[in-house]
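These are my notes from going through one model, entry by entry.

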Amino acid sequence: MAPSCSPINSLHVAVIGAGAAGLVAARELRRESHSVVVFERNTEVGGLWVYTPQSEPDPLSLDPNRTVVHSSVYDSLRTNLPRECMGYSDFPFVPRPEHDESRDPRRYPTHREVLAYLRDFAREFKLVEMVRFGTEVVRVEQDGRKWKIRSRNSDGVSRDEIFDSVVVCNGHYTEPRVAQIPGIDQWPGKQLHSHNYRVPDPFKDQVVVVIGNFASGSDISRDLTGVAKEVHIAARSKPSETYEKLPGADNLWLHPMIETARKDGSIVFKNGKVVQADTIVHCTGYIYHFPFLNTNGYITVDDNCVGPLYKHVFPPALAPGLSFIGLPWMTLLFTLFELQSKWVAAVLSGRVTLPSEDKMMEDTNALYTKRDANGFPKRYTHRLGVVGQAEYLNWIADQIGEPPVEQWRNKELEDGYVRLATQADTFRDKWDDDHLIAEAYEDFLRQKL
Ligand code: FAD
């Protein structure tokens, strides 16, 4: 798959979404001489990082006809990774000199600072001119060798347009996954998903059970300790005898998963402890969702495995006309968005070629076989992990003739995850990898020279 010498094709490309993935996709596609239209149903760029105090009317988001709120960001959210490793390669996420209240110079800044960074990025590269705001894509389907997109604007007016290619960047933190709890139908308390959590105030003096102990579960449970009477975390990954009082608060406990929920309002954990709870908050993740996509059943989402997709991006039988940016997780996301976008742009222009459909399918099946042999469930298909992510990103970089991802960036991710898991109450303000920060800033300075 070496870069080819054939002439560059300039195509008409639709990008769905103007979040962190769609913005960089638009930039890279235009850099490669494609003409680009970005469809964005919101009224501004930034995607998930556009905080809104509004949540969905159905607190578990189970009603398919509900009004969807895109963002899952809560008011107190600060990034879960250090800022140096979060930015795009040539537009570092560094504190800006502006003295604006929305800015936050800390290493793990608030969601407002990430949104400000994405706005700066869009402004710097004049991306907004490519975006059609307030325009939702409601259908995507093949039309001969091209693609037909039906969109609807904020006045409800529908429009069909033909594109050579469609790049899907619609995000995957909006459609909640909810835990299955024995007895829950009879349990009289309230339930919500973290997608609909914004501030702790409504939980004043309550006993709250938070399911899930990764980034959102850990954050939200600590956010709640300031107002709730007690907070109990139920963690699937913990052994059944687990019962720990967690540091940083005097009303926070860690348990294994819930055994059962009872009619009398009590929750029984697998360690035998029983609490009388008012609310359960499901911090149990999200599912991939492409309600607009019609591929006659070729692409499916099965237990959160989107497929078949070659290297998580191209559906072999529909490539390169259709592609997906940003599906993998446990990785350097902005770096991934950028590299995947460069790859898609170069494949579309003909500068880089893909293997045959059969070879792509073979590779995709090999990934599934490896996943099954390692005992991972399907929903882990797009989980890259610390080692896998570096290999994956460097593989794409190699395809498009880019240098491998900086070592400091990979190490910041790795150390960041360890801190998050081992010092959940302090990881954003205490660290011991100043040498990595120094390396990052040396790199940023070198870029400027
Ligand atoms: P999004 O930001 O979700 O953007 C998708 C866009 O597509 C949206 O603007 C949406 O309106 C639009 N859209 C969707 N459907 C349609 C449609 N049919 N028609 C038109 N437009 C549509 N990552 C980090 O790197 N660091 C962090 O600290 C971090 N913290 C996180 C905290 C939380 C609580 C969550 C949920 C995620 C976090 N992430 C973090 C991951 C985050 O999702 C990514 O960083 C990234 O912002 C996702 O970008 P995206 O463009 O893929 O999706």
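Strands here are DSSP runs of E, at least two residues long, numbered from the N terminus. The model is a predicted one.

**Entry: a single residue.** I looked up Arg159 and found it in strand S6, which covers residues 158-163.

**Entry: the ligand.** I listed 33 residues around the ligand; those that come nearest are Gly17, Gly19, Gly47, Thr79 and Gly171. Two or more residues of the shell come from each of helix H1 (20-31), strand S4 (135-143) and helix H5 (333-349). H1 supplies the largest share, three residues. By class, I noted 17 nonpolar, 13 polar and three charged residues in the shell.

**Entry: the core.** The largest nonpolar core has 103 residues. Which of its members touch the most others? I found Val15, Leu23, Leu118 and Val166. The element that gives the most to this core is H5, with ten residues. I then followed Leu118: leaving out residues up to four places away in sequence, Leu118 touches Ala20, Leu23, Val45, Gly46 and Trp49.

**Entry: the six-stranded sheet.** I read the order of this open sheet as S8-S16-S9-S10-S12-S11, with mixed pairing. S8 pairs with strand S16 (residues 279-282) in the parallel sense, over four bridges. Lys190 has Thr279 in S16 as its bridge partner.

**Entry: the helix on that sheet.** Helix H4 (residues 215-225) packs on the sheet and touches strand S9 (207-211), strand S10 (230-234), strand S12 (252-255) and S16. I noted an angle of about 170 degrees between the directions of H4 and S10. H4 is mostly covered, with nine of its eleven residues buried. Among the buried ones are Ser216, Asp219, Ile220, Arg222, Asp223 and Leu224. The cover over the buried residues of H4 includes S9, S10, S12 and S16.

Technical notes
Residues are numbered from 1 along each chain as its sequence is written. This is a predicted model: local features need pLDDT of at least 70, side-chain atom pairs count only at pLDDT 80 or more; totals for chains, interfaces and linings use all residues. A residue is near a molecule or strand if its C-beta atom, placed from the backbone, lies within 6 Å of it. Ala, Val, Leu, Ile, Met, Phe, Trp, Tyr, Cys and Pro count as nonpolar, Asp, Glu, Lys and Arg as charged, and the others, Gly among them, as polar. A nonpolar core is a set of buried Ala, Val, Leu, Ile, Met, Phe, Trp, Tyr and Cys residues joined through C-beta atoms within 7 Å. A residue is buried if 20 or more other C-beta atoms lie within 10 Å of its own, exposed if 12 or fewer, and partly exposed in between; C-beta atoms are placed from the backbone. Two residues are in contact if their C-beta atoms, placed from the backbone, lie within 7 Å. Two strands pair if DSSP finds at least two bridges between them. Axes are lines fitted to C-alpha atoms, for helices over the stretch in contact, and angles run from 0 to 180 degrees between N-to-C directions.
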